[in-house]
Amino acid sequence: MSQKEKIKVGLVGTGWIIRGLTKLLNASREMQVAGVLTRREGKIEELYVPDENVYHIPESLFLKSDVIVVSTGDPIYSTAIINEAFKYGLPVVTMDADTMVTTGTWLSRKGLITESNGDQPGCLAMLRREVVEMGFTPFVYGNIKGFLNKTPSLEDMTYWSNKQGYSLSSVTSFTDGTKLQIEQALVANAFEVGIAQQGLLGLQTEDFVNSTYQLGEIAEKIGMPISDYVLSRTAPPGVFIVSKHLEELRIELGTYKMGDGPFYHHCKPTHLCFFEIPGTIKRLIHQNEILIDNSDNPTVSVAAIAKRKLVKGDFIVNGIGGFDMRGEAIRIIDEPNHVPIGLMQNVVLKENVEEGQVIKFSDIDIPPSLALTAWFEILDSIDVGNITSLSIG
């Protein structure tokens with residue numbers, strides 16, 4: 001493609017991210033919206049795309065596009081759509097860590113795909129690049145969470161959904177920590193690091209920098225870098241890395257206000273979501289750059305955890321952003337039969353499940369899907385020896 005030609009961007013989804021991205025691309029000199037693929041019927045407010053460019057048939061969008069951007073929060077749907085896009089030779093950018101951590105490994109074997117900058121995993125990938133280029137060795141890849149309620153009420157989530165303009169499921173997955181767990185599982189897999197425990201540590205603090213150093217000390221004690229987070233109302237809504245550098249450069253780093261060591265704190269204080277997607281698109285199109293993916297040999301998944309006692313026969317419409325389940329990062333080797341929360345759609349319980357219990361495939365009847373097939377193919381291909389070596393135990 002000529003550098004002077006506008007990149008034709010096909011969009012999948014109609015949520016907050018895609019609606020914002022349409023406005024951004026409409027003002028771009030380098031890109032244009034080829035169209036939007038949606039499952040919704042009727043007029044979609046604030047989409048800023050002509051009705052004739054809103055499609056319900058994937059092929060109609062793919063034939064007009066140079067690249068596809070996917071942001072649906074629905075791993076089962078997104079997996080099928082991305083797989084179809086690959087059949088048209090299209091590269092794919094996702095702002096959909098839910099899909100990436102569920103089936104991203106399988107998808108990356110089928111076509112060119114990357115998670116975007118803008119969400120926490122992509123921001124960490126960009127920050128990591130900068131840190132490593134300066135010779136630092138990362139010990140902690142961290143997310144910053146301002147508020148957490150693992151069992152929020154429908155009433156509260158409906159209020160915040162209406163107030164913030166996000167879907168009910170999105171607000172719920174943010175609040176109960178599922179989204180955070182998904183993001184940090186993706187980070188762990190992408191950078192081949194571990195997690196300190198199921199569900200991560202999540203140090204609660206108002207002393208942001210020193211708490212990140214505590215995570216560094218834990219990682220050093222464990223003997224490997226970790227992916228984790230801090231819970232703080234006063235820390236900025238971004239990401240951080242805790243690193244070490246050569247002892248011989250300790251004085252110079254002190255001179256540049258990096259502290260006395262041995263750990264050093266790097267922070268990107270914002271993540272601007274759809275504003276940062278165009279940069280990822282350009283690097284993918286022009287350089288085939290994969291910013292971050294789930295790796296070919298993932299060791300961490302996000303298990304479905306019961307929020308309440310569930311009984312045999314209960315029907316679970318959706319795991320992510322629902323009121324029956326939440327997600328926790330988990331080492332695959334510890335619970336190889338766990339159900340990834342991204343697959344928990346239209347599922348029937350075959351067994352009674354206690355609050356806090358990890359849902360296993362033996363507990364449920366689950367409908368077939370490409371995503372389900374992809375998950376079991378990933379499990380079949382995983383190098384168990386490598387998982388064992390990354391297990392913290």
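**Helices, loops and overall form**

Tutor: Helix H5 covers residues 120-133, and at 1.5 Å a residue its 14 residues should span 20 Å; the end C-alpha atoms are 20 Å apart, so the span agrees. Keep in mind that this is a predicted model.

Student: Which residues of H5 are buried?

Tutor: They are Gln120, Pro121, Gly122, Cys123, Leu124, Ala125, Leu127 and Val131.

Student: And what covers the buried residues of H5?

Tutor: The cover includes E7, H8, E10 and E11.

Student: What comes just after H5?

Tutor: Gly135, with a positive phi of about 90°.

Student: What about H9: what span should it have, and what does it have?

Tutor: H9 is residues 208-222, 15 residues, which should span 21 Å at 1.5 Å a residue; its end C-alpha atoms are 21 Å apart, which agrees. Gly223 follows H9 and has a positive phi, near 100°.

Student: Which residues are buried in H9, and what do they pack against?

Tutor: Phe208, Ser211, Thr212, Tyr213, Leu215, Gly216 and Ala219 are buried. They pack against strands E7 (137-145), E8, E9 (226-231), E10 (239-244) and E11.

Student: What does H4 span?

Tutor: Helix H4, residues 97-108, spans only 14 Å between its end C-alpha atoms, whereas a straight helix of 12 residues would span 16 Å.

Student: How many residues of H4 are buried?

Tutor: 11 of its 12 residues, so to speak mostly covered. Among the buried ones are Asp98, Met100, Trp106 and Leu107.

Student: What covers them?

Tutor: The cover of the buried H4 residues includes helices H3 (75-87), H8 (178-190) and H12 (370-381), and strands E5 (92-94), E6 (113-115) and E12 (300-306).

Student: Which loop holds Tyr48, and what is its phi?

Tutor: Tyr48 is in the loop between strand E2 (31-37) and strand E3 (54-55). Its phi is near 60°, positive in a residue other than glycine.

Student: Is Tyr48 buried, exposed or partly exposed?

Tutor: Partly exposed, because its relative accessibility is 46% and that class lies between 20% and 50%.

Student: What about Leu200: what is its phi, and is it buried or exposed?

Tutor: Leu200 is not a glycine, yet has a positive phi of about 70°. It is buried, with a relative accessible area of 2%, in the loop between H8 and strand E8 (203-204).

Student: Back to the E2 to E3 loop. Is Leu47 buried or exposed?

Tutor: Leu47 is in that loop, and it is buried because its relative accessible area is 3%, under the 20% limit.

Student: What is Leu47 in contact with?

Tutor: Leaving aside neighbours within four places in sequence, Leu47 contacts Thr14, Ile18, Arg19, Thr22, Val36 and Val54. For scale, the C-alpha atoms of Leu47 and Ser211 are separated by 41 Å, and the two are 164 residues apart along the chain.

Student: Which residues does Phe274 touch?

Tutor: Not counting residues up to four places away in sequence, Phe274 touches Trp16, Ile17, Gly20, Leu21, Leu24 and Met95.

Student: Now the whole chain. How many helices and strands?

Tutor: 13 helices and 16 strands. The C-alpha trace spans about 60 × 60 × 45 Å along its principal axes.

Student: What share of the residues is buried?

Tutor: 55% of the 393 residues. Of the contacts with a separation of 6 or more, 72% are between residues 24 or more positions apart.

Student: And the surface and charges?

Tutor: The chain exposes about 17,000 Å², and carbon and sulfur atoms supply 50% of it. There are 35 positive and 48 negative side chains, and the centres of the two sets lie 4 Å apart.

Definitions and conventions
Residues are numbered from 1 along each chain as its sequence is written. This is a predicted model: local features need pLDDT of at least 70, side-chain atom pairs count only at pLDDT 80 or more; totals for chains, interfaces and linings use all residues. Side-chain values use heavy atoms; hydrogens and water are left out. Helices (H or I, at least four residues) and strands (E, at least two) are DSSP runs, numbered from the N terminus. Buried means under 20% relative accessible area, exposed over 50%, partly exposed in between (1.4 Å probe, protein chains only). Contact means heavy atoms within 4.5 Å. Accessible areas come from the Shrake-Rupley method with a 1.4 Å probe; for residues, only the protein chains shown count as cover. Lys and Arg count as positive and Asp and Glu as negative; His and the chain ends are not counted. The place of a charge is taken as NZ of Lys, CZ of Arg, CG of Asp or CD of Glu. The expected span of a helix is 1.5 Å times one less than its number of residues.
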